[in-house]
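This report goes through selected features of one structure. The sequence and the coordinates are shown first.

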Amino acid sequence: MDGLLSLALTNLGSPLILSFVLGVAAALGRSDLVFPEAAAKALSIYLLFAIGIKGGVSVADHGIDLRLGLTVLAGVALSAALPLLAFQLLKAMTRLDRTNAAAVAAHYGSISIVTFVAGTSVLQTAGIPSDGFMVAVAAAMEAPAILSALWLISRGGGSGAQVDAELWREILLNGSIVLLIGAFAIGIIVGADGLAEVESFFVAPFKGALCLFLLDMGLVAGRGLRRSRDVLTPGLLAFGLLMPVVGGVLGAMAGMLIGLPTGSLFLLTVLSASASYIAVPAAMRVAVPDADPGIYLTLSLGITFPFNLTLGLPLYLALARMLTGG
Amino acid sequence: MEQHDAKRVVITIETPMQRRLLAAIEEAGVTGYSILPVIGGSGRSGPWSAEGQVGRAGGMVQVICIIRPDRLDGLLDGVFAVVERHIGVVTVTDCTVLRAERF
């Protein structure tokens, strides 16, 4: 218990979390602090590229093995299965109709890449190594959840979802996936020698850039919270806090079955616990326009993301350490 | 200076639907349009702002087409098929243009 408390305090006192808290506080206090949209996009491209290339270099160093394939498969299975569980929880805990419950559920099967990046930073601070291929697992977990949600909606009849080839192209080739996988491939091709050439840009300033990005995420989450009063019911709030823990535990169990070491098991836990707020909302707006974005964006961005970032990460790290003895 | 009658169609729609809307507009034979970002507004769900949006899902864009009046029905049929179930506003106003051969 002391260990968990110490982890939580270390996490809460880190520049990353304090930057996020500053953003939330500024938004809740109605400050005019604004993060330019173009700067936020540039930072997200930087972070995705940096995390992708570092993961690729790590795989180039250690080689491709069976564990990589198994972990990607586990990630896909978790992404597809978690929305089914989330849907049942939503039906039990809230009064959401089938369309809205399925749309919310999709977000909890997919992932938040910023939470993943923050997780890698926590590992770095704790000095715990992780497998570079976890970047590929993150990319693989983006889309299957959307398929599960659309299946849930189609089972319920009604006006259903609008799915066409163009939507699938947009989902599978969305910017985050292309950037992550592309940078990952570049990392595998260039290896450690290639990374050394760009290290001063992609490695050293990484945490500073992440601080600024989390400041912006704090502003976004804070604004979401400010507007959430009309949307959030006690049931939805409880779901937004419970589902990441449930997803995280299932991710940790899957990691145990594969035999992942502490760092990678932690990252699979983080991915399973996180909720999407970029790829899935865009897909839901196209495919399920009847679902209310105010509900799913508020839950994933205003409740689950801050929870994971502040309390979830130390909790998942303690869980990973306990399960692996690391 | 001689002026010619035209129709100004303004479609405000969710950003994720932009590509589909443009395909419908071009399908209707309209090849000239302008796209403007919408920085915020207020609607049935209350006020919103593009500030700090982390994804495209919550954003809106405005597409403006100036067309010959005889092309209006074909364009509106195509546009309606895209916007029918989505958040958005379509307006049509009369306008005049100076160089008719361009529309």
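## Model and confidence

The structure is a predicted model. For the complex, the predictor reports an ipTM of 0.71 and a pTM of 0.86. In chain B the mean pLDDT is 88, and 91% of the residues reach at least 70.

## Cysteines

Over all chains, the search of the whole structure returns 0 disulfides. A disulfide would require two cysteine sulfur atoms within 2.5 Å. For B:Cys65, the closest cysteine sulfur belongs to B:Cys95 and lies 11 Å away, which is too far for a bond.

## Salt bridges

Side chains of opposite charge can pair when their charged atoms come close. The whole structure holds 7 salt bridges over all chains. One of them joins the side chains of B:Arg19 and A:Glu170, with an N to O distance of 3.6 Å. This pair crosses between chains: B:Arg19 sits in helix α1 (residues 18–27) of chain B, and A:Glu170 sits in helix α9 (residues 165–172) of chain A. B:Arg19 is partly exposed, at a relative accessible area of 47%, whereas A:Glu170 is buried, at 17% relative accessibility.

Within chain B, B:Lys7 and B:Asp94 form a salt bridge whose closest N and O atoms are 2.5 Å apart. Because B:Lys7 belongs to strand β1 (residues 4–14) of chain B and B:Asp94 to strand β6 (residues 88–97) of chain B, the pair ties together parts that are 87 residues apart in sequence. B:Lys7 is partly exposed, with a relative accessible area of 21%, and B:Asp94 is exposed, with 63%. A further salt bridge links B:Arg68 to B:Asp70, with 3.3 Å between the closest N and O atoms. Here B:Arg68 is partly exposed at a relative accessible area of 34%, while B:Asp70 is exposed at 60%. Elsewhere, salt bridges with shared partners connect A:Glu170, B:Arg19 and B:Arg20 into one network.

## Nonpolar core

The largest nonpolar core contains 125 residues. The residues with the most contacts inside this core are A:Val104, A:Leu214, A:Met217, A:Phe239, A:Phe266, A:Met284 and B:Ile25. Helix α15 (residues 293–324) of chain A supplies the largest share of the core, 12 residues.

When residues up to four places away in sequence are not counted, A:Val104 touches A:Leu90, A:Leu96, A:Phe239, A:Ile295, A:Tyr296 and A:Leu299.

## Aromatic pairs

There are 7 aromatic pairs over all chains. Among them is the edge-to-face pair of A:Tyr108 and A:Phe239, with 5.0 Å centre to centre and 75 degrees between the planes. A:Tyr108 is in helix α5 (residues 98–109) of chain A and A:Phe239 is in helix α12 (residues 234–258) of chain A, so this pair ties together parts that are 131 residues apart in sequence. A:Tyr108 and A:Phe239 are both buried.

One aromatic cluster is made up of A:Tyr46, A:Phe49, A:Phe201 and A:Phe202.

## Two arginines of chain A

A:Arg30 has a positive phi, near 60 degrees, in a residue other than glycine. A:Arg30 lies in the loop between α2 (15–28) and α3 (37–62) of chain A and is exposed, with a relative accessible area of 59%.

A:Arg321 is partly exposed, with a relative accessible area of 28%. Neighbours within four places in sequence aside, A:Arg321 contacts A:Leu7, A:Ala126, A:Ile128, A:Thr262 and A:Gly326. The C-alpha atoms of A:Arg321 and A:Pro261 are 9.2 Å apart in space, with the two residues 60 residues apart in sequence.

Conventions: Residues are numbered from 1 along each chain as its sequence is written. Chains are lettered from A and ligands numbered from 1 in the order in which they are written. This is a predicted model: local features need pLDDT of at least 70, side-chain atom pairs count only at pLDDT 80 or more; totals for chains, interfaces and linings use all residues. Side-chain values use heavy atoms; hydrogens and water are left out. A salt bridge is a side-chain nitrogen of Lys or Arg within 4 Å of a carboxyl oxygen of Asp or Glu. Helices (H or I, at least four residues) and strands (E, at least two) are DSSP runs, numbered from the N terminus. Buried means under 20% relative accessible area, exposed over 50%, partly exposed in between (1.4 Å probe, protein chains only). A nonpolar core is a set of buried Ala, Val, Leu, Ile, Met, Phe, Trp, Tyr and Cys residues joined through side-chain atoms within 4.5 Å. Contact means heavy atoms within 4.5 Å. pLDDT is the predictor's confidence in each residue, from 0 to 100. Rings of Phe, Tyr and Trp (its six-membered ring) pair if their centres lie within 6.5 Å; planes under 30 degrees apart count as stacked, over 60 as edge-to-face and the rest as tilted.
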